[in-house]
Amino acid sequence: MIKAGIIGGSGYTGGELIRLLLNHAETEIDFVFSTTRAGKPIASAHQDLLGLTDLGFTGQINPDVDVVFLCLGHGNSMKFLSENTFATKTKIIDLSNDFRLRENAAFGGNHFVYGLPELNKEHIKNAMTIANPGCFATAIQLALLPLAKDGLLDNEVHINAMTGSTGAGIKPSETSHFSWRNNNISWYKPFTHQHLGEIGESLKSFGNQIGKLLFLPNRGNFTRGILATAYTQFEGSLEEARKIYDDFYSTSLFTHFSDEPIHLKQVVNTNNCHIHLHKHEDVLLITSAIDNLLKGASGQAVQNMNLMFGFDEGEGLKLKAGVF
Ligand SMILES: NC(=O)c1ccc[n+]([C@@H]2O[C@H](COP(=O)([O-])OP(=O)(O)OC[C@H]3O[C@@H](n4cnc5c(N)ncnc54)[C@H](OP(=O)(O)O)[C@@H]3O)[C@@H](O)[C@H]2O)c1
């Protein structure tokens with residue numbers, strides 16, 4: 001068994017990591033660090049875990065753990081690592097955007113590898129430090145990477161994606177308040193969302209020309225999941241597009257192609273990404289769906305941990321969709 005530490009344990013992604021690691025055959029949770037709940041039981045923040053663990057939150061880290069997950073807001077991971085030191089053997093998986101862009105990847109003598117297994121699996125296996133991708137970024141990259149690889153993404157790409165309220169973290173805000181969010185939808189940060197940086201870097205990593213990415217993020221009237229649609233000009237047939245996606249994802253454990261149109265509930269509570277293609281005249285519509293807290297965050301973080309330690313890639317991630 002390896003020993004894991006979680007920083008930011010009372011938040012949404014921290015809670016999901018605790019739930020996943022409690023059921024992981026190769027990992028034992030050593031500590032769950034919290035700035036606000038030290039000394040209290042885990043179930044004081046994550047009530048569903050009542051009776052499932054004796055663990056409590058702690059105000060101290062154990063620097064000797066084998067792996068540590070940073071589940072902190074943007075900027076706080078860099079600050080935390082500047083103020084705390086872990087053993088040289090400790091592998092670090094950061095869920096914020098502090099180290100995702102290439103210009104920020106070098107920190108404290110480490111190089112953070114971008115943790116999207118469908119793109120970077122071999123690098124992840126050898127990494128000591130991982131920058132886990134953003135949730136929108138995961139859904140959108142998985143929708144577009146196969147076209148980017150084959151040099152077929154050189155026209156404008158229009159992207160629309162809707163996220164649940166957990167995407168904004170546990171701290172209430174005006175737009176995550178029940179009265180505002182319920183029976184409501186809205187867009188935000190039109191064409192300027194911060195995930196465009198990491199999406200652009202990955203799509204360009206194959207060396208092919210990439211068209212303009214026009215991304216409109218939306219807030220949905222639900223708690224978890226992301227449904228993303230992207231469309232662009234594509235001269236080939238639907239069968240040709242399908243083959244490109246089949247080839248790209250032939251060895252992917254969690255990204256699956258669907259011949260039927262997809263919806264959110266088929267992936268919520270799982271680490272899966274489902275993808276569907278639709279062709280209309282010379283336009284290809286790509287739809288992808290993920291759970292923002294699993295494939296978009298903590299599930300992908302555990303998938304990365306599995307790869308880094310040589311465990312079965314799917315260990316601890318054989319989950320059941322809510323469906324209804
Ligand atoms: N939510 C998602 O769907 C999602 C998806 C992908 C990536 N992410 C990224 O993952 C990170 C965590 O997201 P989240 O949704 O779990 O956020 P969250 O629910 O707001 O939790 C973050 C936790 O960090 C701790 N914290 C807050 N301020 C801190 C500070 N100044 N110093 C140290 N710790 C502090 C708090 O835990 P304690 O009170 O226990 O210390 C807080 O609950 C973010 O960078 C986010 O962008 C989130």
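User: What makes residues 3-127 a named stretch, and how much of the span is helix and strand?
Analyst: The name comes from a record. UniProt, in an unreviewed entry, places the feature "domain: Semialdehyde dehydrogenase NAD-binding" at residues 3-127. In this predicted model, the span is 22% helix and 23% strand. Its end C-alpha atoms lie 17 Å apart.

User: Why is Cys-135 called buried?
Analyst: Its relative accessibility is 15%. Buried means under 20%. Therefore Cys-135 counts as buried.

User: Where is Cys-135 found, and what is it in contact with?
Analyst: Cys-135 is found in helix α4. Leaving aside neighbours within four places in sequence, Cys-135 is in contact with His-195, Ile-226, Ile-290, Asn-292 and Gly-296.

User: Which UniProt annotation covers Cys-135?
Analyst: The annotation is "active site", from an unreviewed entry. Such annotations may be inferred rather than shown by experiment.

User: Why is Asn-132 called buried?
Analyst: Asn-132 has 0% relative accessibility. The limit for buried is under 20%. So Asn-132 counts as buried. Its place is in the loop between β8 (129-131) and α4.

User: What does Asn-132 touch, and what does its side chain reach?
Analyst: Not counting residues up to four places away in sequence, Asn-132 touches Ile-93, Asp-94, Leu-95, Ser-96, Arg-100, Gly-115, Ala-297, Gln-300, Ala-301 and Asn-304. The side chain of Asn-132 reaches the backbone oxygen of Ala-297 at 2.8 Å. A polar contact needs N or O atoms within 3.5 Å. The value of 2.8 Å meets that distance limit.

User: How far apart are Asn-132 and Trp-187?
Analyst: They are 55 residues apart in sequence. In space the figure is 25 Å, C-alpha to C-alpha.

User: Why does Asp-66 count as buried?
Analyst: Asp-66 has 19% relative accessibility. Buried means under 20%, so Asp-66 counts as buried. Asp-66 is found in the loop between β3 (57-58) and β4 (67-70).

User: Which residues is Asp-66 in contact with, and where does the backbone nitrogen of Lys-3 lie?
Analyst: Leaving aside neighbours within four places in sequence, the contacts of Asp-66 are Ile-2, Lys-3, Lys-89, Thr-90, Lys-91 and Phe-309. The backbone nitrogen of Lys-3 lies 2.7 Å from a polar atom of the side chain of Asp-66.

User: Which residues of helix α6 are buried, and what covers them?
Analyst: In α6 (residues 196-204) they are Leu-196, Glu-198, Ile-199, Gly-200, Ser-202 and Leu-203. What covers them includes β7 (110-114), α3 (117-125), α4 (135-149) and β11 (213-219).

User: How do you know that Ile-199 is buried?
Analyst: Ile-199, found in helix α6, has 0% relative accessibility. That value is under the 20% limit, so Ile-199 counts as buried. Leaving aside neighbours within four places in sequence, Ile-199 is in contact with Ala-137, Ile-140, Gln-141 and Leu-213.

User: What makes up the largest nonpolar core?
Analyst: The largest nonpolar core has 39 residues. Leu-144, Leu-203, Leu-213 and Ile-286 touch the most other members. Elements that each supply at least two residues of this core include α4, α6, β11 and β12 (226-233). α4 gives the most, with 11 residues. Apart from this core lies another, of 33 residues, among them Ile-42, Leu-55, Ala-127 and Phe-311.

User: What does Leu-144 touch?
Analyst: Not counting residues up to four places away in sequence, Leu-144 touches Leu-153, Val-157, Ile-159, Leu-203, Leu-213, Ala-230, Tyr-245 and Ile-286.

User: What lines the largest pocket?
Analyst: The lining of the largest pocket has 48 residues. Leu-72, Gly-73, Gly-167, Ala-168 and Gly-169 lie nearest its centre. The volume of this pocket is about 1300 Å³. The largest share of its lining, four residues, comes from α2.

User: Why is Asn-183 called exposed, but Val-323 partly exposed?
Analyst: Asn-183 has a relative accessible area of 67%. Exposed means over 50%, so Asn-183 is exposed. Val-323 has 42% relative accessibility. That falls between the 20% and 50% limits, so Val-323 counts as partly exposed.

User: What is phi of Asn-183 and of Val-323?
Analyst: Phi of Asn-183 is near 55°, a positive value in a residue other than glycine. Val-323 is not a glycine either, and has a positive phi of about 65°. Asn-183 lies in the loop between α5 (178-181) and β10 (186-187), and Val-323 in the segment after α8.

How values were computed:
Residues numbered from 1 in each chain as written. Predicted model: local features only at pLDDT ≥ 70, side-chain atom pairs only at ≥ 80, totals over all residues. Heavy atoms only, no water. Buried < 20%, exposed > 50% of the residue type's maximum accessible area, 1.4 Å probe, protein only. Contact = heavy atoms within 4.5 Å. Core = buried A, V, L, I, M, F, W, Y, C linked by side-chain atoms within 4.5 Å. Polar contact = N/O pair within 3.5 Å; in protein donor to acceptor, adjacent residues only side chain to side chain. 1 Å grid on protein atoms, 1.4 Å probe; cavity = no way out; pocket = protein on both sides within 12 Å on 5 of 7 lines; lining within 4 Å. Points joined across faces, edges and corners; volume = space filled by probe spheres on them.
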